[in-house]
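This report describes selected features of one protein model. Please consult the sequence and the structure shown below while reading.

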Amino acid sequence: MTGSTDPDTKSLVRTTDRLVVIGTSGAGKTTLAERIAQALDMSHVEFDGIRHGPDWTETPDEVFRETLRRQLQGDRWVADGNYSFARDIVWPRATTVVWLDFPIRVVMWRLFWRTMRRGFFREELWNGNRERLWWHFFSRQSLFLWAMQTHWHRRRTIPAALAHPEHAHLDLVHLRSPREAHQWLLTL
């Protein structure tokens with residue numbers, strides 16, 4: 001890893017940057033990626049939009065990976081999503097990893113309000129899909145359960161993955177609060 005930034009440092013973003021925003025479900029990856037894309041006039045690739053087909057059907061792994069390969073070919077993009085089974089496609093092309101490493105209480109609060117807003121207003125997410133509130137409160141498909149199961153795991157595995165020699169080219173922007181994320185975004 002060539003460098004780590006905090007929100008007080010000047011932005012490391014270059015005209016050929018390719019950023020990937022990672023973090024626990026509900027942390028705000030897509031929102032931040034959209035804002036980065038807008039601020040820097042870059043294309044935005046949302047992994048969930050590729051992964052979830054109509055009626056929440058999951059895109060087969062190889063189709064998902066091939067679609068990512070195609071969409072991440074350019075010199076300037078920002079992507080958001082974790083999908084560790086596709087990391088070997090994304091991280092070698094990326095120049096910067098933006099890690100939203102917020103406390104679990106912040107993530108759960110954001111996830112709750114996002115889920116409620118999407119469910120109440122019947123917002124379309126991708127490919128005609130809409131939140132099904134009962135999934136999140138009464139099933140094993142709950143994003144709340146997923147966030148709880150993956151939050152601490154990511155805190156262990158992301159630093160280990162970034163320490164691998166093949167990822168030494170990556171700059172890391174490690175943001176530990178929404179306030180840090182906002183301050184960093186203002187530097188772009």
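## The nonpolar cores

The largest nonpolar core has 23 residues, of which Val20, Phe47, Leu68, Trp91 and Val97 touch the most other members. A nonpolar core is a set of buried Ala, Val, Leu, Ile, Met, Phe, Trp, Tyr and Cys residues joined through side-chain atoms within 4.5 Å; buried means under 20% relative accessible area, exposed over 50%, and partly exposed in between, with a 1.4 Å probe and protein chains only. At least two residues of this core come from each of strand E2 (18-23), helix H2 (47-51), helix H3 (61-71), strand E4 (77-80), helix H4 (87-93), strand E5 (96-100) and helix H7 (143-162). Helices (H or I, at least four residues) and strands (E, at least two) are DSSP runs, numbered from the N terminus. A second, separate core of 19 residues includes Leu19, Leu40, Phe102 and Trp184. In soluble globular proteins, nonpolar side chains tend to be buried together.

The model is predicted: local features need pLDDT of at least 70 and side-chain atom pairs count only at pLDDT 80 or more, while totals for chains, interfaces and linings use all residues. Residues are numbered from 1 along each chain as its sequence is written, and side-chain values use heavy atoms, with hydrogens and water left out.

Strand E5 is mostly covered, with 5 of its 5 residues buried. Thr96, Val98 and Leu100 point one way from E5, whereas Val97 and Trp99 point the other way. In a regular strand the side chains alternate between the two faces of the sheet.

E5 pairs with E2 in the parallel sense over 5 bridges; two strands pair if DSSP finds at least two bridges between them. Within this pairing, Val97 is the bridge partner of Val20. E5 is also joined by 5 bridges to strand E6 (residues 171-175), and these strands run parallel. Here Thr96 stands opposite Asp171.

## Contacts of Thr30

Thr30 is found in helix H1 (residues 29-40). Beyond its neighbours within four places in sequence, Thr30 is in contact (heavy atoms within 4.5 Å) with His44, Glu46 and Asp80. Thr30 and Asp80 are 50 residues apart in sequence, yet their C-alpha atoms are 5.8 Å apart in space.

Phe47, a member of the largest core, is also in contact with Asp80, and its other contacts beyond four places in sequence include Val20, Phe64 and Leu68.
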